[in-house]
Amino acid sequence: MKATIATEWLSGCSGCHVAVVDLHEKLLGLLENVEFVRIPVLMDEKDYPEADIGIVEGAVRSEHDRVALKKMRSKVKTLIAFGTCAVYGGPSGIGWLHESSDVMNCAYRSGPTNSGTESPDMNAVPLEECVVPIDEVVPVDIYLPGCPPHPYFIAAAIKAVLDPCAPRITGKPVCSDCTRKMRKSENITLKRGELTAEDQEICFLSQGVVCLGSVTLNRCLAPCPKRGTACSGCAGPSLDIVNEPQLDIRTLVAKRMNMLTGIDTTDVTSYIEQNAKTFYAYALASPAIYKKPTVEIMEWTGETTKLN
Amino acid sequence: MITISIDEKACVSCSLCVDICPTKVFSFNSVKDLPEVALPKECFGCLSCSEICPSDAIQHTGAALSSCFHHDTYCTNIVSKLAVSEPASFEDIASATGLDEAMRDISVRLLSVGTVLKDVVGAGLPSVGLMAGRSLATQLPRYRPPKNLEEAFELAIKEFAPAWGLEFKQDSDNLKVCVKECFVRGLCKQENISLGGELCVLFFNYLSGYLGKMSKTQLKLVTAERSAESCSYEVKIMHR
Ligand code: SF4
Ligand code: SF4
Ligand code: SF4
Ligand code: SF4
Ligand code: SF4
């Protein structure tokens with residue numbers, strides 16, 4: 001009998017669902033073993049049928065998300081937190097730094113491209129006060145971060161659920177799949193605001209550009225550095241950072257950059273802190289990041305906590 | 001004996017492992033553009049190389065795992081469920097490093113701190129607990145303070161776990177705080193320390209100070225009792 005899969009999207013961008021469809025031929029191979037009983041991007045099924053595997057995209061942002069997620073959990077045997085939003089909150093985690101009324105106000109009224117005076121509060125599902133990863137609401141069985149995860153890892157993760165003997169997937173950072181070489185370099189200064197660098201063979205860090213490849217879990221096969229752009233960390237933190245409270249994104253990048261180029265570590269850490277909303281964009285809402293004793297995102301971004 | 005292997009496919013040839021190793025275990029082979037394990041016997045398992053390696057390419061077998069003490073169960077749970085090969089579970093690490101023994105060790109020290117504090121500050125002991133709790137409430141990393149008492153309870157349960165298992169039952173201004181798990185209790189029983197001993201007074205006031213600060217109320221102890229499974233306190237909520 002085929003295993004059944006049900007999927008649901010919460011507050012995400014639907015990119016993760018597109019990635020499932022992006023499995024192409026792999027999807028056909030997979031379809032020999034599985035059957036989709038609910039997948040909003042392909043079929044019109046509003047109910048929550050029972051399924052062996054549940055795939056949930058997106059973070060919990062609204063009351064609807066919470067209700068839909070609980071329904072999914074009650075109907076599926078194995079729940080996969082699918083994509084960085086579901087695992088760590090993703091880009092909408094930035095909502096942690098603002099009141100949801102401010103978010104609504106900016107999106108619908110005061111934003112630079114808005115002229116409207118009304119917010120859609122009459123008929124829309126209300127936002128919750130905070131954005132949380134799905135494991136803050138229901139227990140999760142498998143975490144598959146990635147924004148979105150590369151189809152290679154999606155297929156591997158689903159196989160790993162169906163067959164306990166299937167090969168496990170890598171726990172290494174993006175650098176392990178990057179084709180650039182990390183070299184020592186001299187007379188290099190920190191290039192603020194740069195996402196790319198001249199030499200396509202050499203690591204960005206060696207050229208003074210902050211790349212988050214070494215502090216990000218590889219769930220993408222390193223497309224960005226391979227094609228000329230520094231990694232922005234979209235798959236969420238590397239396993240050492242998740243596991244070890246004393247390790248953090250900014251300090252590890254700074255230490256490596258310092259050893260390669262001699263650039264002062266405080267230059268790098270303060271640059272990252274000043275741009276914390278960018279460099280911490282993907283896992284801001286996860287206790288794995290904000291509970292770190294050295295991570296003070298509120299302070300770095302100038303948002304003040306109301307606790308006194 | 002520690003053995004070291006390098007995943008040559010993952011390696012990005014940075015040679016940071018060569019630079020960082022305090023005992024010069026690695027040398028860099030510039031022909032192959034890869035590091036080599038030149039002096040394996042010199043490795044004493046500090047794992048500095050593994051930490052600095054940008055692509056997690058260095059594996060050690062036989063090196064001691066770092067202490068689990070500082071690990072957060074929320075994070076180790078994520079790591080254990082990433083479909084990654086052979087994840088080390090929190091329980092594995094705990095049993096390998098003697099977490100229970102360490103907890104006991106801390107309890108003993110806490111008990112003596114309690115006794116000394118009592119001798120020094122006497123009747124001021126509850127205030128010490130209260131102030132420590134209030135200070136805790138402002139120092140734990142979190143983005144947003146709880147909006148009301150219920151939210152404060154929810155947060156307290158999370159923030160005090162797993163060393164303490166708390167339960168709150170509120171009936172208008174009366175609150176029952178049930179301490180179901182307490183990592184010092186085993187020792188209290190063994191050493192015949194009564195409920196209301198120094199440590200209990202300190203802990204309860206600590207908790208009250210913390211909850212009060214977060215919910216902008218004041219909590220006043222009415223009664224306390226201990227059963228075989230738990231300790232509980234009746235509290236009056238005074239709104240400020
Ligand atoms: S993880 Fe990325 S691709 Fe997936 S829903 Fe979130 S933002 Fe979209
Ligand atoms: S830091 Fe970036 S550019 Fe350098 S090796 Fe890692 S992924 Fe590639
Ligand atoms: S930003 Fe980094 S983690 Fe995201 S796809 Fe690019 S290389 Fe991968
Ligand atoms: S663990 Fe420490 S001593 Fe051993 S090779 Fe790595 S850096 Fe050197
Ligand atoms: S630190 Fe890692 S990536 Fe760098 S040379 Fe050593 S093994 Fe290779």
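These questions and answers walk through a predicted model, its ligands and its aromatic rings.

The model is predicted, with local features needing pLDDT of at least 70, side-chain atom pairs counting only at pLDDT 80 or more, and totals for chains, interfaces and linings using all residues. Residues are numbered from 1 along each chain as its sequence is written, chains are lettered from A and ligands numbered from 1 in the order in which they are written, and side-chain values use heavy atoms, without hydrogens and water.

Colleague: Which elements give two or more residues to the shell around ligand 1?

Modeller: Start with the residues around ligand 1, meaning those with a heavy atom within 4 Å of it. They are Gly12(A), Cys13(A), Gly15(A), Cys16(A), Glu57(A), Gly83(A), Thr84(A), Cys85(A), Gly146(A), Cys147(A) and Pro148(A). Helices here are DSSP runs (H or I, at least four residues), strands are E runs of at least two, and both are numbered from the N terminus. The elements asked for are α1 (15-21) and α4 (84-88) of chain A.

Colleague: How many residues of the shell around ligand 2 are nonpolar?

Modeller: The residues around ligand 2 include Cys175(A), Arg180(A), Phe204(A) and Gly213(A). Ala, Val, Leu, Ile, Met, Phe, Trp, Tyr, Cys and Pro count as nonpolar, Asp, Glu, Lys and Arg as charged, and the others, Gly among them, as polar. The shell has 1 charged residue, 1 polar and, as nonpolar, 8.

Colleague: How many Å separate the centres of domain 1 and domain 2 of chain B?

Modeller: Domain bounds come from an automatic or database domain assignment. In chain B, domain 1 is 3-61 and domain 2 is 95-239. Taken over C-alpha atoms, their centres are separated by 47 Å.

Colleague: Why is the pair of Phe153(B) and Phe168(B) stacked?

Modeller: Rings of Phe, Tyr and Trp (its six-membered ring) pair if their centres lie within 6.5 Å; planes under 30 degrees apart count as stacked, over 60 as edge-to-face and the rest as tilted. Over all chains there are 11 aromatic pairs. In this one the centres are 4.5 Å apart, and the pair is stacked because the planes lie at 10°.

Colleague: Are Phe204(B) and Tyr233(B) buried or exposed?

Modeller: Their rings also pair, with centres 4.5 Å apart and planes at 25°. Phe204(B) lies in helix α9 (residues 198-215) and Tyr233(B) in strand β8 (residues 231-239), so the pair ties together parts 29 residues apart in sequence. Buried means under 20% relative accessible area, exposed over 50%, partly exposed in between (1.4 Å probe, protein chains only). Both residues are buried.
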